[in-house]
Each structure stands twice: as structure tokens, then as C-alpha cells.
Amino acid sequence: MLKNSYVWIAISSLWIKTLALSFIGFQLRVQTFLDALLIVLNPIGPLMLLIGLSFYWSKKVKLYPLIGIMFLITALLYGDLLYYRFYTDFVTVPILFQFSNVGGLGPSTVELLSWWDLLLFADLLLVGFLVFRKKLPSLKPVKRAKRNYLIASVSLMLLTIGIGLLNAPHLFAESYNREQMVKNIGPFQYHAFDIGVAATSSFYRLLAESNDTAKVIEYTQASDVESSSFGMAKGKNVVLISLESTQEFVINQKVNGEELTPFLNRLVEESYYFSSIYDQTAQGKTSDSEFMIDTGLYPMESGAVFVRKAENEFIALPHILEEKGDYYSAVFHGNDSTFWNRENMYESLGYDHFYSKEAYDVTEENSVNYGIKDMPFFKQSVSYLEELPQPYYARFITLTNHFPFLLEEEDQFIEKANTEEGVVNRYVTTIRYQDEAIKLLFEQLKEKGLYENTIFVLYGDHYGISEKYDQGVMDLLNMETSSLNRMKLKKIPLIIHVPGQEGKTFSNNGGEIDIRPTLLHLMGIHSEDPALGQNLFGRSDEHPVIFRNGDFITDEYLLKDKRCFSLEKEELVDAVRCAPTEEIVREELGLSDEIIYGDLLRFVE
Ligand code: GP9
Ligand code: MN
């Protein structure tokens, strides 16, 4: 075998680092002996292969390139660590191309650093020192040693992938479960796989044929249930309000004796309120929620479909409403039109007009964080709304309640909370501000006579407090930190308000994907296009609410990070109990992906 101390020191130190990251940084959960074995073995093959780049093309080990490779690998690991600290997720190629859209790590990068991180670079100093001082003999690798080295590294890699597949047979079919990938094939192979997927993803479209749609249509045929609410909003204007980062726990919640959402709380009493709807978005955040609601398809497993697949054909709500009821459709949002590639995607989704930042009078005084504050935003929007041809389908996307939840003193209608997490304390004030803004919108619509003949759908677009700051919310709500309680925090509010209707709260489970069929039901439209989700008025409780990483929740079970919980017993149970539902999850996510990757809706008449 290769006799070169530098090479083996480099491999060992990078290996130890990778292990430290896996166990401490990414907190990969070890449940079985195989899990532990895989985490330990996985990095060796790829590390050998990469370090080998310092001598494959020369007669002896080139020491400066060796240090360079060590540095690059360390930088990659460190990047992974920082990304993980913020998103509790692993970075993907598509997300790198849309960093300007993901909220970035920008304002909080410093917060993510720790002095301990310097340890990651200690081995570089050591090897650098040894090289400079020529402390170790650098033997020439002979040709034969090179070959054996390569064979050993590739065999090790294949062996561990093989064991990984034994450990998690659906590993590649569930590649959207990135934690499972990293645990079973290791961070380096995960990145290689991810790059491969990104590089080949456009081939799916080329290979897709029109009869590929048959299977999808068969599965997705909406089986709408009968209910007295069918058609109750037929012909009305539709106003959809995306409530930025609004989680369900804020509804009817008091902090220091004061309501967080006094207006929404009253509205809930006079509306259909769905109190168990889960955030199903992925890396595309707001845009993912818009996508689900308009198309009834799941977001992509990595990156945002708005950014990656805006050229596709879709059958979205604006198309359907125009065809069935000659609706005009518009989006109102005070951010740049390019953010989340909205200007292009809205065209594909069939919107007639997008009122973006340019349409608003935006000044330093009326802006905070991402842009115009919700109150001036609504005020200015209403004058545009008045001019729209009726009936219309209008979506308003609020902005003020966005991480890191900044707000000037004069706009704070409530005191900050006093948990250990500043983020949570500020969140309370921006949520309260948003509530005031919605109240203003309703007042204005009433004043202009635009209230009565409208159906309102208000929904939280996704979580506001990421898992990183969960503890603050647990403190605020006096909740114990547990997987089940974490799942509860994934709920978002869904309020459907039709003026004159009596209020009713529904506590059955559902997800954002179910909003579209529910709205169509209320509009009296039977849609037969390929779309997922179920009408919430008759949604089966056994049907899982599916999350993009393969987790799910039903009325009985919760699958979180591949662990199956019984909701009734509030404890971990044997994984086989969750297995049949996991089949459904794979199938549904797979179908949705097939439609998106193959651009299959272009074949639908
Ligand atoms: C930006 C707004 C917020 O325009 O939609 O985006 P988010 O970071 O929540 O996806
Ligand atoms: Mn958002």
C-alpha cells in the first residue's frame, strides 16, 4: 500500500473531522449498530479518493496540492455545518443557485459561528507545519501502490453504499430524505449524488411521453366528497392572503395577558377555521406554499420549483378560474418582481397581473426588513384592487413578519416577549403588527364595498421560528420539548371566511396541498386535472399529511426522521406500523415529481 505519511495523516485528520461533524454538528441519530458503522466507515473511501488527487498524475505526492485539497474538503464540511446550523438541513446544488432568494445566511451568519469551529482547521496547520519544516520523509509512490490505493478506496466506497442500501432499502427512491442519505452514504457521497441528480434532471423532460400522464391522472383524480358547502362561494371574488411566517400557535394566544392576533381571533369565530393544517413547504418557502395552492402539486425536494421549473406548463387556479368563471387574476406583493423568480412563474401560472415593488410607493419610512410594511402595502393595494375587473382572484403576500422580525418601536402594538430567544421575542411584535394590517385591509374593503361578495382565504405560508429557535417557542408556550410537540409547531392557520357564514372550527388534519381542492369545492368547481390534495371538508383522517422529506402525520401515527410514533400513546413504536403509509408517501411524492420533472402537464388537453 502507499507509503506516505502525509497522505495518511491528511486522511485520518479529515476522517476524524467528518466524524465529529456527523455526530456533533449534524447530530445524526444512531438507532442501530449499522447506523453507527456506516457513519464511521462512509467517509474513508471518498476521502482517500479525493486526497489521491495529489498524486494520481505525478510520480510522488505533491504536498501543496495536498494541503489545497485538505483545505477545500474542510471548507466544504464547514459550509455544510453552517448551513445545517441554520436550516437543520443539508445543502443541495439547486439551493446554491438561488442563495439570494433563500433569505440567505446574511444577517445572522456571525451568530452561527463558534470559537470551537477553529478546531476544524487545526490539522491544516499541523500538516502545513510538517510540510514547511520537511519533518516527514515523502516517499515516492510506486505505480503499483497507486493502483492498489485506488482499488481500495473505490471498493470501500462501493461496500459502504451496499451496506447503506441494506440498512435503508429505499435510500435512493427517498433521496428527498437528506438526513437518511447523509447517514447512510456519508456527506461526500451525498454531495456527489446530489451533483449527479442536478446535472441529469433536465433529461427527464426529454424522455417524458404523453402516455406517462395516464398513471398520474388515474391516481390524482380528485374524488371530491359531497358536502353542503359545495358551491357556497360560486362566482364570488377570491381574496387569498399569504400570512408571512405565521404559525398556528399564535391564534388565540396571549403573551403577558395580551392577544397576539386580536383581529384574526375574531375572524376565526366567523369563519371556517382549520386548526390542524401543516406547513408542507420545502426550500422554496413562500413560493412553495403559493405553488401548492395554485397547482396542487408538492414542492420540489431541493430548490424552489418557482426558480427551477418556471418554463413548465401548469394547470393552476388562475387557469381554472378563468376557464370556468372568466376570472381575472392578480398577485400583490411589495418585494422585487424577480424574488423567487415570481415574474416568470406567475406567467406560467396564468396570472394576468403582478403588482410588485414597482407598483408601490416605497420609501425608507414605510419599509422595514424585506420592504414595504404590511399596512402601507394593503392601503396602496386596495386602490389597485378597486380597478380590477370582477370577478377576480387576488393574492396578497404579506412581508413584515419575516425573519429576523424587525420592527420600529412606533409600529409595535405589543411588548416583546421575554424568552431566551430574541427571535421569538421579536416575532410576537411582528405577528401583532401583521394582525393590525389585516384588520386595516378588511376595514378598507368594507368601506369600498368589496367585502360582501368575496371569499377570503388566509393561511400561514410556513413556519416562522425555525427549529434552531424552537426552544424559545416551547418556553413561551410552556411546552415540553419533544418530537410530538415539535410537530405541533409545524401547524399553520387556515381561515376561510365567507361573509355571512357561521363560524366552525375543523380540527381534522390537513396540509397546504389541500387548500386548492377545498377552495375549488367552495367555488362549485369539479376539476379533473392531475393534482393532489383533498377537499378538507371530507378529507380522510387516515390519509397522511405528507412532508417533503418523507415524514408524515395521520390521525394515528407520526413519522419523523424515520421514527414512528403512536400519537395516542405519545411514544415510539415499531417502524412497521408506519411502513404501509410510507408506501403512500413515496407514491404521492413520486407522482408529483414525475409531473414536474417530466413537465407532464403539457400533454394534458
Ligand atoms: C419575499 C417573501 C419572503 O418576497 O415572499 O420569502 P420567504 O423567505 O419567506 O420565502
Ligand atoms: Mn414566507
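1. What distance separates the centres of domain 1 and domain 2, taken over C-alpha atoms? The two centres lie 40 Å apart. Domain 1 covers residues 5–200 and domain 2 covers 221–545, with bounds from an automatic or database domain assignment.

2. The model is predicted, so local features need pLDDT of at least 70 and side-chain atom pairs count only at pLDDT 80 or more, while totals for chains, interfaces and linings use all residues. Residues are numbered from 1 along each chain as its sequence is written, and side-chain values use heavy atoms, with hydrogens and water left out.

3. Between the domains, 19 residues of domain 1 are in contact with 17 residues of domain 2 (contact means heavy atoms within 4.5 Å). The buried area is about 1,400 Å², and carbon and sulfur atoms give 53% of this area; buried area is the accessible area (1.4 Å probe) that two parts lose on being put together, summed over both.

4. Three residue pairs are in polar contact between domain 1 and domain 2, both residues at pLDDT 80 or more. A polar contact is a pair of N or O atoms within 3.5 Å; within protein, one must be able to donate a hydrogen and the other to accept it, and residues adjacent in sequence count only if both atoms are side-chain atoms.

5. Thr-281 is buried because its relative accessibility is 14% (buried means under 20% relative accessible area, with a 1.4 Å probe and protein chains only). The side chain of Thr-281 makes a polar contact of 2.6 Å with the side chain of Asp-279. Beyond its neighbours within four places in sequence, Thr-281 has contacts that include Asp-288, His-462 and Glu-512.

Note on methods. Chains lettered and ligands numbered in written order. Buried < 20%, exposed > 50% of the residue type's maximum accessible area, 1.4 Å probe, protein only.
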